[in-house]
Amino acid sequence: MSERAAKITPDDEQDDDQITDSAAPDAATETESAAETETTTEPVTSGAEAVVRALENAGVEYAFGVQGGAIMPVYDALYDSDIYHVTMAHEQGAAHAADAYGIVSGEPGVCLATSGPGATNLVTGIADADMDSDPMVALTGQVPTEFVGNDAFQETDTTGVTTPITKDNTFSSDPDRVGSDVSEAFALAREGRPGPTLVDLPKDITKGETDREPDAPEVPDTYHVQERADPEIVDAAAERIENSNKPVMLLGGGVIKGEASEACREFAIEHEIPVITTMPGLGAFPEDHELSLEMAGMHGTGYANMAITHCDTLIGIGTRFDDRLTGGIETFAPDAELIHVDIDPAEISKNIHADYPLVGDAETVVEQLADAVDSSPEAKKWRAQCQQWKSDYSMAYEAPEDEPVQPEFVVEALDEATSDRAIVTTGVGQHQMWACQYWTYTEPRTWVSSHGLGAMGYGLPSAIGARLAADDDQEVVCIDGDGSFLMTLQGLSVAVRENLDITVAVLNNEYIGMVRQWQDAFFEGRHSASDYHWMPEFDKLAEAFGAKGFRIDDYDDVAETIEEAVSYDGPSVIDVHIDPDANVYPMVPSGGDNGQFALTEDQL
């Protein structure tokens, strides 16, 4: 890890305690020190300094980016700041790292890039944060205002390109206002439904003179978020829950972002309601609890999909009911009345009709429901049925010792070797689904992945951001695929330089595995451009970067190698050669009926 992120040793902790005990200032001294600090703060003299001051006022500790001409004044101002800048190997990696930092910390991650190609390289990461409602602030350099629109060197209409994929988007045009533009962007990124914001910074604006301190990070007066749901609808929804015989709770990513996990857990346990999560909602409810049915959707568990298909009341909280969850709209929860809780009114009835639309903050609305529900539903038979489905559609798998290593075995071994609070990041593909299915998630903010956008290459840079946001005692494990890892593996240079303690397990099947699986199922096995038998030896490549490299070829290597890699204090990469024919099941074909999931290719 970097010096700022280094772990505190026991000796350091003792020294800190001694300092506190022997030299703790009294209240008067603290007041004087605060006043002295305030008066000795260097005044703002430029737009760039105002930008950095805005970030400092917002409590930003880390920023991820790549230096360049148009953003150079901001980097010059960062030189004297306490904000620790992590220079990434590619701007896409900067955006993904900032995105993951926001997921784990709950506070917006910050990424920077220069104009033109720097800004456009951020686009994938910004779009990912927008799809998944992750808090992030992107700062992009821009050519001087007098050159804007003239096709100047490295000019791109960054606000035009990114307006559709940002929550708020500002072209800053005044040195006196630029710091406040950044403050407002930071506030908007985290307020209400989180999302990415962007401020485009022309070079003459950041170089321009100003003595104006940025405003506090507050949202504009015109921005309003409804916190509490309509009491009448809450009462009606509560009555529906009380009279339900087959209720199920469906927890989405909004439960975690809205800090509603604990409220949802208490509600489900008190009323003994089975719980399902979406993929972004992994960790919102402990999967080792008997009420948990785990993840639903295209590659969800059979028992979760059966419960959704046969429930009579579906309590959806913080989910947008996207197509990978629902399959065919007409067959999704066909016999259920839907209670939909979401902070964004645009999501209510967008995909699935809500019988009880509850617009508001997830935690607040769940607490409203908890107060309104007087008696638990009579659902003993329903719970027994859900448990039977768990038995009927077990996620068990075969792992013959004389055959290639199965990926499920590797994921479970990684889970066993780490703590319950370990953070998992992934790329996108088969490995991502195995990481969903065979890791047991018990805590929120421990699952970090690209959901709505499905951006390959997300795994490694997101592990960098997650590592810097995580507690020192939390392991960070990146479960990646060979194709996905290859896209952003230059980030290993960053992990090595910063000495970040992350473990990357590359489930290497020498294919773009999910594409190969679909080609086998739907394209007569024609492997067009999905065969990646030209992959490098990732363990040796890791060593070339300065990381620790490992390789797994058979089951005898798995436990010991994983233990050694996880124990290594620094970045490690395990090149895990898995069964190239392994597929992800259960599977609901795109647009299919969740209750008709396939367990083998023959059933597709």
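Predicted model: local features only at pLDDT ≥ 70, side-chain atom pairs only at ≥ 80, totals over all residues.
**Entry 1: surface and overall build**

Residues are numbered from 1 along each chain as its sequence is written, and side-chain values use heavy atoms, with hydrogens and water left out.

Next I looked up the secondary structure, and the protein chain has 24 helices and 18 strands. Those are DSSP runs numbered from the N terminus, with helices being H or I of at least four residues and strands being E of at least two. The radius of gyration is 25 Å, close to the 25 Å that the globule rule gives for 604 residues, so the protein chain is as compact as a globular protein of that length. For the record, that radius is taken over C-alpha atoms, and the rule is 2.2 Å times the number of residues to the power 0.38. The C-alpha trace spans about 70 × 65 × 60 Å along its principal axes.

I also checked burial: 57% of the 604 residues count as buried. Buried means under 20% relative accessible area, exposed over 50%, and partly exposed in between (1.4 Å probe, protein chains only). Among contacts with a separation of 6 or more, 75% come from residues 24 or more positions apart; a contact is heavy atoms within 4.5 Å.

**Entry 2: cysteines**

How many disulfides does the structure hold? I found 0, using sulfur atoms of a cysteine pair within 2.5 Å as the cut-off. The sulfur of Cys-111 is 19 Å from the closest cysteine sulfur, in Cys-478, which is too far for a bond. Cys-311 is in no disulfide, and the nearest cysteine sulfur, that of Cys-386, is 9.1 Å away. I looked at burial too: Cys-111 is buried at a relative accessible area of 0%, and Cys-311 is buried, also with 0%.

**Entry 3: salt bridges**

I searched the whole structure and got 20 salt bridges, each a side-chain nitrogen of Lys or Arg within 4 Å of a carboxyl oxygen of Asp or Glu.

One of them joins Arg-240 and Glu-337, at 3.8 Å from N to O. Arg-240 sits in helix 10 (residues 231-242) and Glu-337 in strand 11 (residues 337-342), so I was looking at distant parts of the chain, 97 residues apart. Glu-337 is partly exposed at 29% relative accessibility.

Then I went to Arg-421 and Asp-471, whose closest N and O atoms are 2.7 Å apart in a salt bridge. Arg-421 is in the loop between helix 17 (407-417) and strand 13 (423-426), and Asp-471 is in the loop between helix 19 (459-469) and strand 15 (476-481), so the pair ties together parts 50 residues apart in sequence. Arg-421 is partly exposed at 32%, and Asp-471 is partly exposed at 41%.
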